[in-house]
Amino acid sequence: MPATTTRPGTAIATAIALCSAALVTAPSAAAAPNHPVQGTFVWPISKGFINQAVIKGQGQALTEGGATYDPETLKFTFPIASATNTDGTWTFALDGAAHVQGYKNAGGSSGWAVDVKYWDLKVQVQGKEATLYGDYKLSGVANKTYEAVAAEGDDQPLVTFTLDKEIAPPRDIMETNREITSAIGTERSLKHYPKGTVLKDSGVDLNVQFEQTSRLSPSAIAGIVVAVLGVVGGLAFAWTRPEVQARLAHFLPR
Ligand code: HEM
């Protein structure tokens, strides 16, 4: 009778297909470089600069795309969009942009004398050494001379800093007030800090919580799959026994 012979076969085939998929996907998911995280990066850019442009220069600190600015601390905060680890290098991509404008119409110039924006930011970490990269655009006029200034950069190193501890998931990252040193992007976008200058009172914070995706290791998943296959195989064997078929025959549709 076709119905009695194909059902166990179909069940086994389905189980094998499902279990094979689980066995194939489990290890590759574990090896994927993306790490689900939540967190923030806090960057004052330069406290001295913000003081000059926004406070004394009666300017403004603007944000986009999820970034925020705290007028009490004069710091920008960026949400962490993603975390990846490629060959031991961690990359934390940041959401949002920071935009600073100051000294409106200074010296008879029209518009903001200082206008600088940073976006497409990411923090890269190797061991304890961290670098903030990003895009920037500066326009305006220089202090006193009022000569035009402009600069643009794409994926440039902005500042470097050193972590207190190496990154070791699932342990949270809680790095606070790490002293920053200017890299080429800050030298060119702020004009006052040659590469290698320590920026005073401008420490950064990196706070990251790693989310637990699964408590099961690939070998545990494989164990469960083997157990399921065993049960399905046992049922299939029982189904082939004439006495079992005879006992169940009256439950089956005719
Ligand atoms: C008419 C235009 C500007 C005026 C009136 C102005 C005014 C000032 C003043 C009074 C200071 C503090 C003393 C000094 O270093 O001279 C200063 C510092 C500074 N300015 Fe400007 N500035 C102008 C343009 C610019 C531009 C185009 C930039 C480029 C982004 C800039 C970035 C800075 C920075 C980074 C500091 C140093 C802050 C520190 O670390 O102490 N300024 N500015």
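Residue numbers start from 1 along each chain as its sequence is written. Since the model is predicted, local features need pLDDT of at least 70 and side-chain atom pairs count only at pLDDT 80 or more, while totals for chains, interfaces and linings use all residues.

**Exercise 1.** Work out whether D155 is buried or exposed.

*Solution.* Start by finding D155: it's in strand 10, residues 148–162 (strands are DSSP runs of E, at least two residues, numbered from the N terminus). Next, get the cut-offs: buried takes 20 or more other C-beta atoms within 10 Å of a residue's own, exposed 12 or fewer, and partly exposed is in between, with C-beta atoms placed from the backbone. D155 has 11 C-beta neighbours inside 10 Å, so it counts as exposed.

**Exercise 2.** Find which strands pair with strand 7.

*Solution.* Pairing needs at least two DSSP bridges between two strands. Strand 3 (residues 60–64) pairs with strand 7 in the antiparallel sense over 5 bridges, and here E64 has A97 as its bridge partner. Strand 8 also pairs with strand 7 in the antiparallel sense, over 6 bridges; there, G102 stands opposite V114. As for cover, 6 of the 8 residues in strand 7 are buried.

**Exercise 3.** Sort the shell around the ligand by class.

*Solution.* Nonpolar means Ala, Val, Leu, Ile, Met, Phe, Trp, Tyr, Cys and Pro; charged means Asp, Glu, Lys and Arg; the others, Gly among them, are polar. Go through the shell and you get 12 nonpolar, 7 polar and 1 charged residues.

Key
Helices (H or I, at least four residues) and strands (E, at least two) are DSSP runs, numbered from the N terminus.
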